[in-house]
Amino acid sequence: MKTVKEMSAITGISIRALRYYDEIGLLKPTELTEAGYRLYDNKALEKLQEIMFFRELEIPLTDIKEIMDNPDYDKEQALSAQKSLLEQKRNRLNGIIDLITDVMKGVNTMSFEAFNNEDVQKMVNHTLECMSKESLGRQIQKYGSLEKYKEHLMSGYANEQVTADLLKWYGSKEKVIEAVMQATGNPEEIKQEQEENTKIYRQFMAAKEAGNMDMAHSAVEMLAENYKKMFALDNARNILLDLAKEYLQSKRLAEATDSQFGKGCSEYVAHAIQHYYGV
């Protein structure tokens, strides 16, 4: 048997709170001594741990009591649900912590200054320089001339939604320009990044088949790291959340992904990303 003081020391719950739990019938002591002191056994300690998990989810004490007093209350099922919800809370906080860290480093200043013509010309010219002759030739053939293809590339930066997305992913127009200017167009690097993506998506499908969310979360982390390399990002959270949204809203993109990796892949990846970041 453990005293109130010992229970408080083990769990970090204050003695005052434990007495209040007794008063409202949430956690009654196992027995009282002749002097009226509360004593708790291991079963009571386990129940207190469950209460603590509910409290971490910010569930009111009255609701916790109602849940745990329900004759259909399933402890294992409750623990599983608590684990899932706490993981989402942890991952959401991790994402916020990453963003705060970036702000402290001066990375994500969230400047919404638009790209001027000089900025766009600089990025487009660099993109053209990095393209292979074969790739550039295909685009010239598609658009009719080099100038028309260049106009197409420049029009992308004039699109308000595209600009907003880029600024959200990178934090400022300076970071966007820096990322574009870092691109080399190296076919070997691109091939390696694509192969890594394929490996990651196969892990997603393995996680889907096994019903293993830990494996799926690992795949999200790997995908984030690969996207950082692919797009010269400091933080991949926003771009991955936008990818998840696209998978759920764009039938064409979903079908293309599913045809390559298997039925249901796009939806599973979308939900895994959202679950990882606590959305």
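Author: Rings of Phe, Tyr and Trp pair if their centres lie within 6.5 Å. In this predicted model, ring pairs link Tyr201, Phe204 and Phe261 into a cluster.

Reader: How many aromatic pairs does this rule give?

Author: The count comes to five aromatic pairs. One of them joins Tyr276 and Tyr277.

Reader: What makes the pair of Tyr276 and Tyr277 edge-to-face?

Author: The planes of Tyr276 and Tyr277 stand at 85°. Edge-to-face needs over 60 degrees, so the label applies. The centres are 4.9 Å apart, and the limit for a pair is 6.5 Å.

Reader: Why is Tyr276 called buried?

Author: Its relative accessible area is 15%. Buried means under 20%, so Tyr276 qualifies. Tyr277 has 6% relative accessibility and therefore counts as buried too.

Reader: How do you know that Ala44 is buried?

Author: The relative accessible area of Ala44 is 7%. The cut-off is under 20%, so Ala44 is buried. Ala44 sits in helix α3, residues 42–56.

Reader: Which residues does Ala44 touch, not counting those up to four places away in sequence?

Author: Ala44 touches Met7, Leu27 and Thr30. Met7 is 37 residues from Ala44 along the chain, with 9.6 Å between their C-alpha atoms.

Reader: What lines the largest pocket?

Author: The largest pocket has a volume of about 1200 Å³. It is lined by 36 residues, and the closest to its centre are Ala183, Ile190, Glu193, Met230 and Phe231. Helix α11 gives the most to the lining, with seven residues. By class, the lining has 22 nonpolar, eleven polar and three charged residues.

How values were computed: Residues are numbered from 1 along each chain as its sequence is written. This is a predicted model: local features need pLDDT of at least 70, side-chain atom pairs count only at pLDDT 80 or more; totals for chains, interfaces and linings use all residues. Side-chain values use heavy atoms; hydrogens and water are left out. Helices (H or I, at least four residues) and strands (E, at least two) are DSSP runs, numbered from the N terminus. Buried means under 20% relative accessible area, exposed over 50%, partly exposed in between (1.4 Å probe, protein chains only). Contact means heavy atoms within 4.5 Å. Rings of Phe, Tyr and Trp (its six-membered ring) pair if their centres lie within 6.5 Å; planes under 30 degrees apart count as stacked, over 60 as edge-to-face and the rest as tilted. On a 1 Å grid over the protein atoms alone, a cavity is a set of points where a 1.4 Å probe fits but cannot get out, and a pocket is an open set with protein on both sides within 12 Å along at least five of seven lines; lining residues have an atom within 4 Å of a point. Grid points are joined across faces, edges and corners, and a volume is the space filled by probe spheres set on the points. Ala, Val, Leu, Ile, Met, Phe, Trp, Tyr, Cys and Pro count as nonpolar, Asp, Glu, Lys and Arg as charged, and the others, Gly among them, as polar.
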